[in-house]
Amino acid sequence: MQEIPKLMDDHEFRKELERIQEHLDAISKESNTVEVRRNYLISCVTIPSAKIYTPDQLRQIFDLTWK
């Protein structure tokens, strides 16, 4: 059975954003290009999961491209 997708609360999203940032930092040590960062972030939000992101959450995630 698949999980029913749901919005994350603020605390849950902050933890997810931190996890994404940590992974992004780790892969960026090897190849720190905008394309690599952007492709990783796209994969984070498009993999099949029970997570649904709000437009503001997506903006925060993709802002990590430039950090």
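User: Which helix is Glu 16 found in?

Analyst: Quick ground rules: this is a predicted model, where local features need pLDDT of at least 70, side-chain atom pairs count only at pLDDT 80 or more, and totals for chains, interfaces and linings use all residues. Residues are numbered from 1 along each chain as its sequence is written, and side-chain values use heavy atoms, with hydrogens and water left out. Helices (H or I, at least four residues) and strands (E, at least two) are DSSP runs, numbered from the N terminus. Glu 16 belongs to the helix covering residues 10-28, and that one is H1.

User: Is Glu 16 buried or exposed?

Analyst: Buried means under 20% relative accessible area and exposed over 50%, with partly exposed in between (1.4 Å probe, protein chains only). The relative accessible area of Glu 16 is 8%, so Glu 16 is buried.

User: Which side chain does the side chain of Glu 16 make a polar contact with?

Analyst: A polar contact is a pair of N or O atoms within 3.5 Å; within protein, one must be able to donate a hydrogen and the other to accept it, and residues adjacent in sequence count only if both atoms are side-chain atoms. For Glu 16 the pair sits at 2.8 Å, and the partner is the side chain of Arg 19.

User: Leaving aside neighbours within four places in sequence, what is Glu 16 in contact with?

Analyst: Contact means heavy atoms within 4.5 Å. With that cut-off, Met 8 has Glu 16 among its contacts, along with others including Phe 13 and Gln 57. The list for Glu 16 itself is Met 8, Lys 51 and Tyr 53.

User: Why does Gln 21 count as buried, and what does Gln 21 touch?

Analyst: Gln 21 is also found in helix H1. Gln 21 counts as buried because its relative accessibility is 19%. Not counting residues up to four places away in sequence, Gln 21 touches Arg 37 and Leu 64.
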